[in-house]
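User: I would like to go through this model by question and answer, starting with its charged side chains and moving on to its sheets and helices.

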Amino acid sequence: MGESKTGDFRHENKDAGDLARRKFLKDMGRTALGVAAAAEIANTATASDAASPEAIPAAVTIPEHLPPRLTIAQFLWTWLIDITPGGAYDDLDRVFTDCDERHHNCIRADAGLNWAFDQQGRPRGAIELLPWAPGVGGNLRDVYPDKPVKYDVLERVLKMFELAKKHNIYVTLTSWEYQDSTTHLADPKLREDIFSTPPAERFERLANMHDRMIQELKKHGLEKQIAFVEIHNEVDFSDLPADWLTAKPLIEKALARLQKAHPDILFTADYGSPSPFRPGFPGYDALPVNLQVADQHIYTLGVQKALHDLTGTWLGDQVPPDPKDNPLLAWMIGGKPRLSWEEFGRHAARVRRSWWPIDWFFANIDVDRYDYWMFEHFGEYAAEMTALVAGNMRAWGNFSRSRGIPAVVDEGYIFWP
């Protein structure tokens with residue numbers, strides 16, 4: 001990439017960059033008030049924002065065998081997919097060694113619930129798992145490998161826990177099945193089975209499956225490696241009941257069922273953004289009263305959201321613009337996409353439609369140019385992003401103290417990837 005070419009590009013797109021920054025500042029809290037009010041909102045998010053004291057269970061005591069702090073590595077569901085020779089998770093013993101060397105004492109992983117058991121709790125045996133978008137490869141290869149695999153998921157979960165015990169690393173068990181991981185199932189009948197459960201009953205189904213997995217772990221003496229269990233990843237951004245107050249009693253019922261069955265383990269619901277900075281959030285009293293961990297994500301979006309706004313590739317069902325009509329997009333992908341929108345759509349037929357614009361973008365970008373743009377523009381958003389992180393952390397800490405439960409932030413900062 002020649003320096004003069006990059007310099008010309010930056011000059012030509014200065015107005016576009018300024019526009020994205022202004023839009024970000026507007027979206028962020030409409031926020032001449034927003035950033036300034038962030039600390040004030042956070043400082044006043046106390047017990048009055050939570051459930052009434054008489055409805056809140058006794059403060060949670062962290063089990064003695066768990067560390068007081070968790071430093072969490074994100075395995076996602078990729079650890080169940082990228083396992084062929086040369087894949088990121090082909091050697092789990094090596095992966096845990098890497099985690100230990102990087103001072104991670106906890107991993108967060110998809111439990112493979114419906115991949116390991118059927119609804120009657122019977123082990124499924126070997127199942128076939130497919131790539132995210134077969135044939136896309138390129139920049140998505142390491143996250144969503146191109147090769148299908150077939151194996152017994154329960155055996156792999158047990159092996160993972162054995163290695164976690166060997167390396168003295170704990171595991172947060174969660175699920176992406178009603179968000180993204182079901183995409184990988186080769187058998188359409190199994191995909192249909194998972195989504196055949198009505199949304200209002202999905203938390204109950206997840207509780208049953210977690211219970212079954214924990215029974216298996218206890219049978220093998222591995223349950224003490226569980227840091228805590230999330231009923232599901234980002235319950236507020238999944239194919240689950242979306243309304244906060246509708247979901248609350250459903251989650252409470254599912255958590256109570258697990259807490260009664262396994263009083264030695266902490267259970268909670270994981271949230272994408274239960275925040276006073278999120279439009280429409282009704283307040284912390286909308287969260288279940290029997291959460292045993294305050295568990296959320298804090299994404300600022302910031303500089304990356306600005307890039308997606310400028311290139312027309314944000315989450316949604318829109319079609320990205322023609323690169324001929326968008327100089328930044330054309331520069332970012334090197335002129336012409338390696339994978340057309342139409343061809344990408346054929347490969348990504350099983351993928352949630354809202355991911356298509358972003359996945360198409362990352363399948364086509366010149367990574368060096370992407371990194372360069374991020375490096376050049378990060379500073380324009382740094383203060384606002386930092387303020388949002390700090391405000392969210394403070395509000396979340398106040399909420400967790402009001403409930404007497406430990407606080408966790410196990411995803412966040414900018415955005416995917």
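User: Are Glu-411 and Arg-108 buried or exposed?
Analyst: In this predicted model, local features need pLDDT of at least 70 and side-chain atom pairs count only at pLDDT 80 or more, while totals for chains, interfaces and linings use all residues. Residues are numbered from 1 along each chain as its sequence is written, and side-chain values use heavy atoms, with hydrogens and water left out. By relative accessible area (buried is under 20%, exposed over 50%, partly exposed in between, with a 1.4 Å probe and protein chains only), Glu-411 and Arg-108 are both buried.

User: What is the N to O distance in the salt bridge of Glu-411 and Arg-108?
Analyst: Side chains of opposite charge can pair when their charged atoms come close. A salt bridge here is a side-chain nitrogen of Lys or Arg within 4 Å of a carboxyl oxygen of Asp or Glu. The side chains of Glu-411 and Arg-108 meet in such a bridge, with an N to O distance of 2.8 Å.

User: How many residues apart in sequence are the parts that Glu-411 and Arg-108 tie together?
Analyst: Helices (H or I, at least four residues) and strands (E, at least two) are DSSP runs, numbered from the N terminus. Glu-411 lies in strand β9 and Arg-108 in strand β2 (residues 106-110), so the parts that this pair ties together are separated in sequence by 303 residues.

User: Which helix holds both Arg-212 and Glu-216?
Analyst: Arg-212 forms a salt bridge with Glu-216, with the closest N and O atoms 2.9 Å apart, and both residues are buried. The two are four residues apart, about one turn of the helix, and that helix is α8 (residues 202-219).

User: Why does the salt bridge of Asp-93 and Lys-166 tie together separate parts, and how many residues apart are they in sequence?
Analyst: The side chains of Asp-93 and Lys-166 meet at 3.1 Å, N to O. Asp-93 is partly exposed at 26% relative accessibility, whereas Lys-166 is exposed at 56%. Because Asp-93 lies in helix α4 (residues 92-101) and Lys-166 in helix α6 (residues 153-167), the pair ties together parts whose separation in sequence is 73 residues.

User: Is α4 parallel, perpendicular or oblique to α6?
Analyst: With axes as lines fitted to C-alpha atoms, for helices over the stretch in contact, and angles running from 0 to 180 degrees between N-to-C directions, α4 and α6 pack at about 40 degrees with their axes 10 Å apart. Angles under 35 degrees count as roughly parallel, over 145 as roughly antiparallel, 65 to 115 as roughly perpendicular and the rest as oblique, which makes α4 oblique to α6.

User: Which residues of α4 make the contact with α6?
Analyst: Contact means heavy atoms within 4.5 Å. On the α6 side the contributors are Arg-156, Met-160, Leu-163, Ala-164, Lys-166 and His-167. On the α4 side they are Leu-92, Asp-93, Phe-96 and Thr-97.

User: How many of the six residues of strand β8 are buried?
Analyst: Strand β8 pairs with β9 (residues 407-413) in the parallel sense over five bridges, and Ile-298 has Gly-412 as its bridge partner in β9. Strand β8 (residues 294-299) is largely enclosed by the rest of the structure, because the number of its six residues that are buried is five.

Conventions: Pairing = 2+ DSSP bridges.
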